[in-house]
Amino acid sequence: MQTLRNVVRVSLRGQARFLNTPHGGTLINKMVSDKTEALELVKQCEGRVIELTERQSCDTELIVTGGFSPLDGFMTEDDYTSVVDKMRLENGLIFGLPVVLDTFNPKFKIGHKVLLQYQGHPMAVFDIASKWKPNKVAECKKLYGTSELEHPGCLMVACERGDYYLGGELHGLTIPKRDFPCQTPAELRSSLPQDVDVVAFQCRNPVHRAHYELFTRALDAPNVGKDGVVLVHPTCGPTQADDIPGTVRYHTYEVLKEETHNPRVNWAYMPYSMHMAGPREAIQHMLLRKNYGCTHFIIGRDMAGSKSSITGEDYYGAYDAQDFAAKHGPELGMKTVPSLNLVYTDEGYVTAEAAKEKGLKPLKLSGTEFRRRLRAGEDIPEWFAFKSVVDVLRQHTMTSA
């Protein structure tokens, strides 16, 4: 890993201990504030440019703003190999998934400075310190538990990523203006309450009634302080091909925030691209939310899970991510809150166990039927979905038809 420079240290003096320390103890800030220095760095690139994909731009943003602390750049081959093989950086610090820059261009060399652009706008200057050709089959097998192309993560590595991986330090120039505004870790930390537990809820889909019940009831978990708050922190970057676009998801969150107006629920967005890596990705999400200041993380059933695009079979067990997160949570300095298995009955939302004990019959609406009703303009019960969210999704369905 590169020498840590231009960092912002988070002081705990004068504030309660509840706001979590960054991973590795230091919140990285690689943004170059001096314009003269920035221009000189760009000049040293000598015209070498990499136009970033959306996935790469998300990784770049999370590195330079500290979301991936303690990284100050893309992983070198040594760190990459260590994370793939042992889920640890070379210094021994736990890290769920490797963060590398890929390219098809063989001309980039160690020692080169390269300007990283996204949609034509400069994001960072990249000092190449490491270059290698990865064994992608081995990478997928160890990260995703399979090398089958039916797994979306394997498909991404095999078909989207270039032949070469590059590692080295980044110097941030600008942050992209996205359709969903993303606060940096430092900005979000300053907006969160400093003296209570912060429980993070990760999602990549619109929030429906069951989700809302799940993360608000998480505040009643025995390991959460009585005045704790929830941070709903969706990933709005690339996910699976059939997921709802990030901009549409963002609008569903915004209207729900206004509809519910819950003072114990905070909302923010993160420029992260999903790998659908199951247990390994649960660790990555916990690490990220730790850097944003969270103390707890809600682990859902089959979190970051995926199915074969051919057989439809799950690649991970329903509780694999929960068990894996519970095992490694103490080392990460994060407490886990397993999600409740909630069902809707005549008595409202209750756990599946309580419904069985009381002889209550759960009401069900499948995802397929929900999407059919959206397209047909048919009624969708409010016990299943918020009206404001349905309105946004219905408008998207009509415009994309």
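Grid points are joined across faces, edges and corners, and the volume is the space filled by probe spheres set on the points. The structure is a predicted model, in which local features need pLDDT of at least 70 and side-chain atom pairs count only at pLDDT 80 or more, while totals for chains, interfaces and linings use all residues. Residues are numbered from 1 along each chain as its sequence is written, and side-chain values use heavy atoms, with hydrogens and water left out.

The lining of the second largest cavity (residues with an atom within 4 Å of a point) consists of Glu61, Leu62, Thr65, Cys182, Gln183, Thr184, Pro185, Pro271 and Tyr292. Helix H2 (residues 54–65) contributes the most to this lining, with three residues; helices are DSSP runs of H or I of at least four residues, numbered from the N terminus. The largest cavity, also with a volume of about 40 Å³, is lined by Asp59, Phe68, Pro98, Val99, Tyr272, Ser273, His275 and Gln284.

Phe68 also belongs to the largest nonpolar core, of 69 residues, where Phe68, Phe95, Leu116 and Tyr144 touch the most other members. Helix H9 (residues 279–291) gives the most to this core, with five residues. A nonpolar core is a set of buried Ala, Val, Leu, Ile, Met, Phe, Trp, Tyr and Cys residues joined through side-chain atoms within 4.5 Å, buried meaning under 20% relative accessible area with a 1.4 Å probe, protein chains only.

Key. Buried < 20%, exposed > 50% of the residue type's maximum accessible area, 1.4 Å probe, protein only. Helix = DSSP H or I, 4+ residues; strand = E, 2+ residues; numbered from the N terminus. 1 Å grid on protein atoms, 1.4 Å probe; cavity = no way out; pocket = protein on both sides within 12 Å on 5 of 7 lines; lining within 4 Å.
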